[in-house]
Amino acid sequence: MSFTAPKGTYDILPPESSAFLAVRDALSRPAALAGYEYIETPIFEDTALFARGVGESTDVVSKEMYTFQDKGGRSLTLRPEGTAGVIRAVIEHKLYAGQLPVKLWYAGPNFRYERPQAGRYRHFTQVGAEAVGVDDPMLDAEIIALAWEGYRALGLGGFRLLLTSLGDDTCRPAYRALLQAFLRDLDIDDDTRRRADINPLRVLDDKRPAVLAQLDGAPLMVEHLCGPCAVHYDDVRARLADIGVQWEEAPRLVRGLDYYMRTTFEFVHSGLGAQSAIGGGGRYDGLSAAIGGPALTGIGWALGVDRTLLAMRAEGVGLPTAARVQVYGVPLGAAAAERLFGLTAGLRAAGVSADMAYGARGLKGAMKAADRSGAAYAIVLGDRDIRAGTAQLKDLRSGDQLALPLDSLVATILEKLT
RNA sequence: GUGGGUGUAGCUCAGCUGGUUAGAGCACCGGGUUGUGAUCCCGGGUGUCGCGGGUUCAAGUCCCGUCACUCACCCCA
């Protein structure tokens, strides 16, 4: 074998690929039902968009970006996440000039240069949703509920919703100083000390026991929220409670992108190996201004399709696998094959999924193929039938077979299938 | 970027202390039936034992290197 998929990427093959489509669909459907409209943005963007939007200090920007120069000398980057590009598009096309909020959903691949492991790939797929331009805690609750509903619709039961508030520009700087003062006295390594300088909140998320043990008395953001932030957070929780969404307070929840503020959340699941998040998001009221747009508030999430599938597999939740086709043609000989070719085309035109045996297989082989296609009916056609102006329609479940006039076969099958 | 584990058929794997034609189950293909699948019977191995070198009379097996995959740290979807 001379080529393999690049490190950290993988092929999504049938029959599992149908589950992939189904998950992507199920995760986006609740958003569509809530009036979110589909948007598609480029898979690569100006490198500076991510540097400024996601934040220079994040791991994503500082070491995980797929950056390249095109032939015009521009520095471009394969998107490591979806929100920055969507907000760029909202600004560029002044979508905010219309009715607000702008509600959008999207789905597609993202890229991060990381060491692959279970649940973590260099190419991964997310479904995302964003509500932009209206600062209303009800939108926070709505967006969270949409993700919740998506997971539930898939039959997933073992996920948890972690929730917290990261404060805003009014209260976070003071809290940040407080936390830094606390961290200064700890016995931690140089790397962690450096992180405490750049982004002290991230230290709270450290999973190493040696660090964890020292974080017990650390000050928490939720205890230092300013008035408006506290009210906002209370409102979000009240609305979630109203509609029966259950969450856990996660005061140390920190996410990897700098733009988050106020409401922040993560959906976690234990079936992903060392990874835990199957989806996450939050409010990013400063993002638009940071990338040169007007001061637009926004909240959104991104849900990992690959990770959701892993979680489903871990739980043993299956998806109904649909039959490949409804009708399968089994020809005996070249003349019959040509006749069936037209018949299957006619069936498809009438909205019936149909396939047939190609390549002059024997009758046995063709019947076998019909069986494996999952079709409800096989059309068996030979010279004898053609002479009689009929075809044999075989019900593959019962085994019953009857001769039907060729002329009206498509119509007859349509009738039987409905 | 740092560690650990694993590489034998399409898949899951067996192959003991080196021993001569490399195996099983599943899958796949063909036949039993030139007009009938899912069952049954018969037949078929589809392979660069990851790759390169070394030790040996002899290497899938031992040694070195290398590559790939994988798991974990870190980080997150």
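Contact here means heavy atoms within 4.5 Å. With that in hand, welcome to a short tour of this predicted model, one close-up at a time.

**View 1. Helices α1 and α12 where they pack together.** Let us start with the pair for which the opening definition is needed. From helix α1, the residues that meet α12 are Ala 19, Phe 20, Val 23, Arg 24 and Leu 27. Their counterparts in α12 are Val 305, Asp 306, Thr 308, Leu 309 and Met 312. Sorted by class, the residues of this contact are 7 nonpolar, 1 polar and 2 charged. Helix α1 covers residues 16-33 and helix α12 covers residues 305-315. Their axes lie 10 Å apart, and the packing angle is about 110 degrees. Angles of 65 to 115 degrees count as roughly perpendicular, so that is the description that applies to α1 and α12.

**View 2. The crossing of helices α13 and α16.** Here helix α13 (residues 334-349) meets helix α16 (residues 409-417). The two axes come within 10 Å and cross at roughly 45 degrees, which makes α13 oblique to α16. The crossing is right-handed. On the α13 side, look for Leu 343, Gly 346 and Leu 347; on the α16 side, look for Leu 409, Val 410 and Ile 413. This contact has 5 nonpolar residues and 1 polar residue, with no charged ones.

**View 3. An open sheet of 3 strands.** Now for some strands. The order across this sheet is β2-β4-β3, with antiparallel pairing. At the edges stand β2 (44-46) and β3 (66-69), each of which pairs on one side only. From one strand to the next, the twist averages 35 degrees.

**View 4. Strand β4 and its partners, residue by residue.** Staying with this sheet, we can follow strand β4 (residues 75-78). β4 pairs with β3 in the antiparallel sense over 4 bridges, and 3 bridges join β4 to β2, again running antiparallel. Leu 76 in β4 is a handy landmark: Phe 68 stands opposite Leu 76, and Leu 76 is also the bridge partner of Asp 46. The hairpin of β3 and β4 has 5 residues between the strands. In that hairpin, Gly 73 takes a positive phi near 85 degrees.

View 5. Glu 266 stands opposite Gly 280 in β10.

**View 6. Glu 149 in helix α5.** To finish, we pick out one residue of α5, a helix of residues 137-153. Is Glu 149 buried, partly exposed or exposed, and what is its relative accessible area? Glu 149 has a relative accessible area of 34% and is partly exposed. Tyr 175 is 26 residues away from Glu 149 along the chain, and the C-alpha atoms of the two are separated by 34 Å.

How values were computed: Residues are numbered from 1 along each chain as its sequence is written. Chains are lettered from A and ligands numbered from 1 in the order in which they are written. This is a predicted model: local features need pLDDT of at least 70, side-chain atom pairs count only at pLDDT 80 or more; totals for chains, interfaces and linings use all residues. Side-chain values use heavy atoms; hydrogens and water are left out. Two strands pair if DSSP finds at least two bridges between them. Helices (H or I, at least four residues) and strands (E, at least two) are DSSP runs, numbered from the N terminus. Axes are lines fitted to C-alpha atoms, for helices over the stretch in contact, and angles run from 0 to 180 degrees between N-to-C directions. Angles under 35 degrees count as roughly parallel, over 145 as roughly antiparallel, 65 to 115 as roughly perpendicular and the rest as oblique. A crossing is left-handed if the near helix is turned anticlockwise from the far one by less than a right angle, and right-handed if clockwise. Ala, Val, Leu, Ile, Met, Phe, Trp, Tyr, Cys and Pro count as nonpolar, Asp, Glu, Lys and Arg as charged, and the others, Gly among them, as polar. Buried means under 20% relative accessible area, exposed over 50%, partly exposed in between (1.4 Å probe, protein chains only).
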